[in-house]
Amino acid sequence: MSSRTQKPGQIWDAALGELQLQVARPAFETWLRDTEGVAHRDGEFIVGTANAFIAEMLEHRMYPLIERAIEHVIGEPTSVRFQVVTQSSISESVESETPAVAGESEQTLTVTAGTAQPAAVVAPPPSLNSRYTFDRFVVGKSNELAHAAARAVADNPGNVYNPLVMYSDVGLGKTHLLHAIGSQAIAKGMSLIYATTEEFTNEYIRAIREGKTEEFRQRYRSAGLLLLDDIQFLIGKEQTQEGFFHTFNALHMSNRQIVITSDRPVSSLKILEERISSRLSGGLVVDIQPPDLETRLAILRAKAEQMGVKVDGQVLELLGARIYRNIRELEGSLNRVVAYSDLMQRPLDAELVRQVIADTQEARERRQPSEREVIDAVSAHFGVDKTTLCGPKRDKKTALARQVAMYILREDAAMGSTAIARALGRKDHSTVLHGCKTIENYQNADAKLRRDILTVRETLAAVG
C-alpha cells in the first residue's frame, strides 16, 4: 500500500515513533507531544501545532530531524510545513511569538525577522495530555508507591503529601502521573497550573523583562494546584530559584497542593538552594524504578489495546526483552513496529520487530553480556551447575539449558559458533548451529521456553 493512501495521522504517528527515540524527553514533551499530521499532498507534509510559538520552534530547531523522520516513513523526498490548527492557544507562548497569517481555509505560520511581539503573562488552559490518566497507567512493583501517592493527592489535594515529589530516570511514568493528577483535578473543577520548569523559567524571566512580575505572582499563587515538571532544570538559575521559592511558600502556606517531578532524588539536587531542597524534602518523596519484565509486557499489552491493534504474544515478549529500562523507548518501538507493518503491508511478526528496533538508541547502547555472564545466568536459572553445563552430560534438562546458552551467546553476546562450542566444551560448531536452530523452532510454540529466555535476558540486563 502506498503511503499516499495512508492517512496523514498514520504517517505522523510513525514519524513520531522515530522522533521519540531521537529527541530528549523534555523537548519531545514540550514541542512534539501534541502535534498531529494534517495533510500530505504534492510532496509536502503538513504538521499541525497548537500555537505559533511551537510551530516556530519546530521550524527553527527540529526541521532536519522531522524531515528525515517523515521521509523515512514515506520513502520519498518531502518538504514539511507547520500549521497552527487551534487558534485559541496562540498567545500561550512565554517567549517571543510570531503572529499567524490567516489564509482562506487554514492558519499558517510565516516566520519573519523582527516581527516578534511581546505578550502579556496570561493563564492559558493547562496543556495536559488526555491520554495520561490513572486508568491508562500500568501499575507494577516498580511504580506502585508513586501511583498510590499520586492517587491520594488527586483525591485529597492540599491535605496529604504536600508537596509530593516524584523522581525517576527519563521515560518511567512520572510525567504521566503528573498529568493524571491534573486531569482529575480539572474534573473536580479545581484551578491549576501545569508547567515544565523550562516554561516556568521562561515565563518568569519574561515577566521581569516586561515589568509584569506582579501578574506572574498572582497567576501562580492563585492556583489551587501547581504541577511542575523536571525541577532539576532550576539548577544554576539563581534568579528563577528565588521566584520559585516565594511561589512555593505562598502556595504551601495557603494549603495549595504542589506536585513536582525530578530526574534525581532531592538529596542530589544540592546545587539548588538549600532552603528549596529542605522544603521539597518536607513532603513525600517517592521514586519510580525501571519496570520489571512482567510490567513491561503489561504496558505493551495495554498500549496495543489502546491502539486497537492485535499483536502476537511473541512479538510483545520480544519487544519486552529487547527494551529494558525506558517505557518511552518501549512504547515508541511498538509504535514504530505497528506503523511499519501498516505502511509497508508486512506481517507484524518477530522478523519485523528485529528489523525495526535494531537501530534504536537503547539497542545500540545496550552492553553485550560476556561469555561468563551468560553461562552463569543460564546455570542459575535452570539449576544446572556450570561444570555440568559445559560437560558431556546429555539429559533433557541439561541439554535444554546448554542449547539456551548457545542461543543467547549467539544472539546477545554476538559470539561465533566456534567460540560458543569452545566455551561450552563442544567439539564441533555444528552442535551449536543445531542447538540454536532447535531453540528458534521451539520457542515459537513453547511459551514457557520463551519466558525462560526472557528471564535470563532480564538477569543479564540487571548485571549490565
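Tyr 220 is buried, with a relative accessible area of 0%, where buried denotes under 20% relative accessible area, exposed over 50% and partly exposed in between (1.4 Å probe, protein chains only). Phe 216 is likewise buried, at 1%. The structure is a predicted model, in which local features need pLDDT of at least 70 and side-chain atom pairs count only at pLDDT 80 or more, whereas totals for chains, interfaces and linings use all residues. Residues are numbered from 1 along each chain as its sequence is written, and side-chain values use heavy atoms, with hydrogens and water left out.

Aromatic pairing was assigned to rings of Phe, Tyr and Trp (its six-membered ring) with centres within 6.5 Å; planes under 30 degrees apart count as stacked, over 60 as edge-to-face and the rest as tilted. By this rule, 8 aromatic pairs are found. In one of them, the ring centres of Tyr 63 and Phe 82 are 6.3 Å apart and the planes lie at 75 degrees, so the pair is edge-to-face. Tyr 63 belongs to helix 3 (residues 52-74) and Phe 82 to strand 3 (residues 79-84), so this pair ties together parts that are 19 residues apart in sequence; helices (H or I, at least four residues) and strands (E, at least two) are DSSP runs, numbered from the N terminus. Both Tyr 63 and Phe 82 are buried. The rings of Phe 216 and Tyr 220, with centres 4.8 Å apart and planes at 40 degrees, form a tilted pair. These two residues are 4 residues apart in helix 7 (residues 213-221), a separation of about one helical turn. Phe 216 and Tyr 220 also belong to one aromatic cluster with Phe 200, Tyr 204, Phe 244 and Phe 248.

The largest nonpolar core comprises 43 residues, of which Leu 164, Leu 177, Ile 181, Leu 227, Val 259 and Leu 319 touch the most other members. Such a core is a set of buried Ala, Val, Leu, Ile, Met, Phe, Trp, Tyr and Cys residues joined through side-chain atoms within 4.5 Å. Helix 12 (residues 327-344) gives the most to this core, with 6 residues. Apart from it lies another core, of 28 residues, including Leu 16, Leu 32, Met 57 and Ile 66.

Backbone geometry was also examined. Most residues other than glycine have a negative phi, and most peptide bonds are trans. A cis peptide bond joins Asn 162 and Pro 163, with omega about 5 degrees; Pro 163 is found in the loop between helix 4 (144-155) and strand 6 (164-167). Asn 255, although not a glycine, has a positive phi of about 65 degrees and is partly exposed, with a relative accessible area of 43%.
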